[in-house]
Amino acid sequence: MSLIRHHVDGRETGDAERTGPVFNPATGERAHEVAFASTAEVDAAIAAAKAALPGWRATGLVKRADVFFRLRQLLVERQDDLAAIITSQHGKVLADAKGEISRGIENVEFAAGLVHLLKGEHAEQVARGVDVHSVKQPVGVVGAITPFNFPVMVPLWMISSAIACGNTVVLKPSEKDPSASVFLARLFEEAGLPAGVLNVVHGDKVAVDAILDSPDVKAVSFVGSTPIAKSIYERASAAGKRVQALGGAKNHMVVMPDADLDSAADAAVSAAYGSAGERCMAVSVLVAVGDEVADAIVEKVASRMAKLQIGDGTDASSEMGPLITREHRDKVASYVTGAAAEGATVVVDGTQAEFEGDGFFIGTSLVDHVRPGMKVYEDEIFGPVLSVVRVGTYDEAVELINANRFANGVALFTRDGRTARQFEFDIEVGMVGVNVPIPVPIGAFSFGGWKNSLFGDSHIYGPESIHFYTRSKVVTTRWPDPSESQVNLGFPSNH
Ligand code: NAD
């Protein structure tokens, strides 16, 4: 069994006193061990990042941009290899893995525009002979901590912009599918990134805490579940760092009576069961406005579910793969079983589906007559379970969603522009889709939810990432003739 090691200062490191298992979720096989970094090993990675900082921040912007242009090309050329790594450790189907890579490439393309992104502002003659300009400088060493569900895209959300801005990085990917991050670090270096600018350490809370507690780490980007996001935000901000910590989600999709119900059913099935529901933007609650809509859409969704192909992600005919671990599969199943006891109607019970072998597979589930207060509604399940909540009016739908503690994404299906416009105005959620079930913004915008889906005030990637990963400095200049010099104890005024 091979050992997956850290990547520090351009080299593989890790004496691996502690390790964790990495499974192939499609077979259940314990395929690798991953080294768990000690505090000393994380400190060594931070030291490498700190040592690389002066050289990287002094590197010309055009030369920095070249790295991203080359990286983009390498990601396109190696996408099959990278997708195979994702599928073997995460389980998602290969087509979905390639989709994730292509969304990550958007962040690399955005970073390649760094010469434009890092331009400051200049005001000439703010007073006679006085000019003011602003510059954006890197914050220093950045800690990046990522979840299992997008082992390529989420690291690229962070490291592309952080590195473009002249920072150096210590990345701690999920210990469940760690190999993609090491692959990315090697690719960055092949593209010309100097050793030490991007370091990868694997591990658990020990490694994360070492990043959070180090005085040499100046900013922390985190994506993962809400309880951990909250604790990361509190610990790192108490240590004086800037932090963005993106958490979990419960994404609603509202179907209005005027919506095209076949399109809405296609969208609901794709967004609820794609990647086995292990997406932070997966639709997990369908809000049907009116019983007529509810009855019709439940039937249409159920009939589409019956045709879904579930199997090993490397098989081209599979549309949905397994869940990440056996424990997670069992937890997801418990929500479906519990829903019936809570008074909901289990229309399709995926826990009864049978699969050959020891993979972490589960069938897709559809649960109707779900209400707030039920566990199946309140918790983020992160599996292929779609709940249906029936409401009477548009206002009730908005009230339901605005009362939820999560606020990552939301979608509205309607053919009426006036309703759509009002929804955009009313809804308290960070990312909104109108007839788009998974409204993940393109790389030129920023991504982030509200409420318990994001702690901090900066969204991730896109323009807000440039703000997050830089400190601005404002410079006031004057080139007076020495003959004009005089002592003046008054406060400088420009009027
Ligand atoms: P997780 O919170 O278990 O782990 C995320 C990271 O935190 C991992 O690197 C993990 O090793 C580390 N970690 C785990 N426990 C820790 C602890 N006690 N102290 C310090 N670090 C710890 O999340 P996950 O299961 O890997 O990912 C799924 C979750 O991520 C879901 O809740 C999903 O909604 C969320 N997610 C959110 C977004 C978003 O953009 N809002 C995107 C992707 C995933």
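Which of the 27 residues around the ligand come nearest? They are P147, G224, S225, G248 and C280. The legends below start with the whole chain and then move to single sites.

**Before the views.** This is a predicted model: local features need pLDDT of at least 70, side-chain atom pairs count only at pLDDT 80 or more, and totals for chains, interfaces and linings use all residues. Residues are numbered from 1 along each chain as its sequence is written.

**View 1. The protein is divided into two domains, domain 1 and domain 2.** Domain 1 covers 2-247 + 453-475. Domain 2 covers 251-434. These bounds come from an automatic or database domain assignment. The domain centres, taken over C-alpha atoms, are 31 Å apart. A UniProt annotation from an unreviewed entry, "domain: Aldehyde dehydrogenase", covers residues 18-475. UniProt positions are given in the numbering used here, feature names are shortened, and annotations may be inferred rather than shown by experiment. The span 18-475 is 42% helix and 22% strand. Its end C-alpha atoms lie 49 Å apart. Helices (H or I, at least four residues) and strands (E, at least two) are DSSP runs, numbered from the N terminus.

**View 2. Domain 1 meets domain 2.** Here 17 residues of domain 1 are in contact with 24 residues of domain 2. Contact means that the C-beta atoms of two residues, placed from the backbone, lie within 7 Å. On the domain 1 side, α3 (79-90) and α4 (94-112) are the elements that give two or more residues. By class, this side of domain 1 has seven nonpolar, seven polar and three charged residues. Ala, Val, Leu, Ile, Met, Phe, Trp, Tyr, Cys and Pro count as nonpolar; Asp, Glu, Lys and Arg count as charged; the others, Gly among them, count as polar.

**View 3. The ligand lies between the two domains.** Both domain 1 and domain 2 give residues to the shell around the ligand, so the ligand lies between them. The shell divides into 12 nonpolar, 10 polar and five charged residues.

**View 4. Two residues in one loop have positive phi angles.** S275 is in the loop between α10 (261-273) and β14 (283-289). Its phi is about 55°, although S275 is not a glycine. A276 is also in the loop between α10 and β14. Phi of A276 is near 55°, again positive in a residue other than glycine. Are S275 and A276 buried or exposed? S275 counts as buried, with 23 C-beta neighbours inside 10 Å. A276 counts as buried too, with 32. A residue is buried if 20 or more other C-beta atoms lie within 10 Å of its own, exposed if 12 or fewer, and partly exposed in between.

**View 5. Strand β8 is largely enclosed by the rest of the structure.** Strand β8 has residues 141-145, and five of the five are buried. Both faces are covered. V141, G143 and I145 are on one side, and V142 and A144 are on the other. Five bridges join β8 to strand β9 (residues 168-172), and the two run parallel. Two strands pair if DSSP finds at least two bridges between them. V142 stands opposite V169 in β9.

**View 6. Strand β14 pairs with strand β13.** Seven of the seven residues of β14 are buried, so β14 is largely enclosed by the rest of the structure. Five bridges join β14 to β13 (residues 251-255), and these strands run parallel. The bridge partner of H252 in β14 is V285.

**View 7. Helix α8 has a covered set of residues.** In α8 (residues 205-213), A207, V208, A210, I211 and L212 are buried. Their cover includes β5 (29-36), α1 (39-58), β8, β9, β11 (217-223) and α9 (226-238).

View 8. Q244 lies in strand β12 (residues 242-246). Q244 is buried, with 26 other C-beta atoms within 10 Å. Leaving out residues up to four places away in sequence, Q244 touches S221, G456, S458, I460 and F468.

Terms used
Near = placed C-beta within 6 Å.
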